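I opened this entry to keep track of what I look up, one topic at a time. Here is the structure I worked from.

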Amino acid sequence: MHEGQGTGVGGGGPDLSVNLAGIRLANPVLVASGTFGYGREMARWFDLRLLGGIITKGTTLAARPGNPPPRIAETPAGLLNSIGLENPGVDAVIGEEIPFLRQFGVPVIVNIAGETVEEYATVAAKLEGVEGVSGLEVNVSCPNVRAGGMVFGTDPAATAAVVKAVRAATSLPLLVKLTPNVTDIVEVARAAQEAGADALTLVNTLKGMAIDVQLRRPLLGAVTGGLSGPAIKPVALRMVWEVAGAVNLPIVGCGGIMSGRDAVEFLLAGASAVAVGSATLVNPLAAPRVVREMAAWLAEEGFAGVSEVVGMARGPGALRPGDAPGGGGPA
């Protein structure tokens, strides 16, 4: 099965376009890092031009083999993963993966990671000026590596050091992906903003684990992993709400978005765009379906475009209990 054009997106409906820190998206639905690889497998299932943008797999300076198996465990309302940033290294991504993605004409945001501040900056510098790369997502939030990742994201000063170094190494728009495994995400978000971030992605996975009762040992090869999916949506939504009220940066909401209605919740909380992650692993066609469902909701409720609803739940435009739904948008 291949899903192509003509799926109801566009064609005179609401304006879905979004300006994300200077990156022009045809619609606000991206695919989350680590759930879409570099797009090759998913291109067999649908036309990637249906997406607002593609956030690649986490990319490091040298190739990484990732963590030992098992790496995936299902939970009642989510998924534990412990991939460990397996990737071919930035030079291979530039030489092989970006040229493949470039043919679709969709903004590509490369998720970058490192074990040291210098490694982040070096990876960013290598991607500067590469045709087809629209921006970088700085991953200071991966919970599945021994060095780097979440180690930086749980400390505002360390987050700022990474962002500042990357900012100095590239002119590309910088998204910074934050971890929910902190006491106060606002403090980290403010540090990222002050260090030069152009946008934030909220949130990465929650650290968790599962145990195999028959074997009497941890189920994942790396013992712990990152929990994603519907189980974390209320946490992610709350963090988007908190950060949207504290910083002046556009936010990409991420965490348990399975439907267009889920995506709308993040927009209403203050996100300018969303990223679909675990849903893609359940159904490869999830992201374009979210686009269609979001567009249908906007049309049904009488909104002319996405920008009208961003942060609406925070202000006087919110409907009160008992108000009639539909036509609830600004006059």
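This is a predicted model: local features need pLDDT of at least 70, side-chain atom pairs count only at pLDDT 80 or more; totals for chains, interfaces and linings use all residues.

Which residues point one way from strand β15, and which the other way? I found Ile251 and Gly253 on one side of β15 (residues 251–254). Val252 and Cys254 point the other way. All of them are buried. This is a pattern I know: in a regular strand the side chains alternate between the two faces of the sheet.

**Entry: partners of β15**

Next I looked up which strands pair with β15. I noted β10, which pairs with β15 in the parallel sense over three bridges. Here Leu202 stands opposite Gly253 of β15. I also noted strand β16 (residues 273–276), which pairs with β15 in the parallel sense, over three bridges. In that pairing Val252 stands opposite Ala273 of β16. As a reminder to myself, strands of a sheet pair through backbone hydrogen bonds, either parallel or antiparallel.

**Entry: an antiparallel sheet**

I then turned to an open sheet of four strands. What is the order of its strands? I read it as β5-β6-β14-β11, with antiparallel pairing. β5 and β11 stand at the edges, and each has a single partner strand, so one side of each is left without a neighbour in the sheet. Neighbouring strands of this sheet are turned by 35 degrees against each other on average, direction ignored.

I checked one pair in detail. β6 pairs with strand β14 (residues 224–228) in the antiparallel sense, over three bridges. I found that Leu79 has Ser228 of β14 as its bridge partner.

**Entry: the largest pocket**

How much space lies in the largest pocket? I noted about 640 Å³. Its lining counts 41 residues. Ala32, Ser33, Gly34, Thr35 and Asn81 are the ones that lie nearest the centre of the pocket. I sorted the lining by type and got 18 nonpolar, 18 polar and five charged residues. β6 and α8 (278–282) each supply at least two residues of this lining. The largest share comes from α8, with three residues.

**Entry: cis peptide bonds**

Now the backbone. I kept in mind that most residues other than glycine have a negative phi, and most peptide bonds are trans. Where did I find cis bonds? One runs from Pro69 to Pro70, with omega near -5 degrees. Pro70 lies in the loop between β4 (53–55) and β5 (72–75). Another cis bond joins Leu202 and Val203, with omega about 5 degrees. Val203 is in the loop between β10 (199–202) and β11 (206–209).

**Entry: positive phi**

I looked up two residues with positive phi. Ala21 has a phi of about 55 degrees, although it is not a glycine. Its place is in the loop between β1 (18–20) and β2 (23–25). Leu85 has a positive phi of about 60 degrees and is not a glycine either. I found Leu85 in the loop between β6 (78–81) and α1 (90–102).

Is Leu85 buried or exposed? Leu85 is buried, because its relative accessible area is 9% and the cut-off for buried is under 20%. Ala21, with a relative accessible area of 24%, is partly exposed.

**Entry: Asp47**

I placed Asp47 in the loop between β3 (29–31) and β4. Asp47 is buried, with a relative accessible area of 8%. What lies 2.9 Å from a polar atom of its side chain? I found the backbone nitrogen of Arg49 there.

**Entry: two distances**

Last, I looked up two C-alpha distances. Ile109 sits in strand β7 (residues 108–112). At 0% relative accessibility, Ile109 counts as buried. Ile109 and Ser134 are 25 residues apart in sequence, and their C-alpha atoms are 5.6 Å apart in space.

For the second, I took Val182, in the loop between β9 (174–178) and α5 (185–195). Val182 is buried, at 18% relative accessible area. Val182 and Val108 are 74 residues apart along the chain. Their C-alpha atoms are separated by 28 Å.

Key:
Residues are numbered from 1 along each chain as its sequence is written. Side-chain values use heavy atoms; hydrogens and water are left out. Buried means under 20% relative accessible area, exposed over 50%, partly exposed in between (1.4 Å probe, protein chains only). On a 1 Å grid over the protein atoms alone, a cavity is a set of points where a 1.4 Å probe fits but cannot get out, and a pocket is an open set with protein on both sides within 12 Å along at least five of seven lines; lining residues have an atom within 4 Å of a point. Grid points are joined across faces, edges and corners, and a volume is the space filled by probe spheres set on the points. Ala, Val, Leu, Ile, Met, Phe, Trp, Tyr, Cys and Pro count as nonpolar, Asp, Glu, Lys and Arg as charged, and the others, Gly among them, as polar. Two strands pair if DSSP finds at least two bridges between them. Axes are lines fitted to C-alpha atoms, for helices over the stretch in contact, and angles run from 0 to 180 degrees between N-to-C directions. A polar contact is a pair of N or O atoms within 3.5 Å; within protein, one must be able to donate a hydrogen and the other to accept it, and residues adjacent in sequence count only if both atoms are side-chain atoms.
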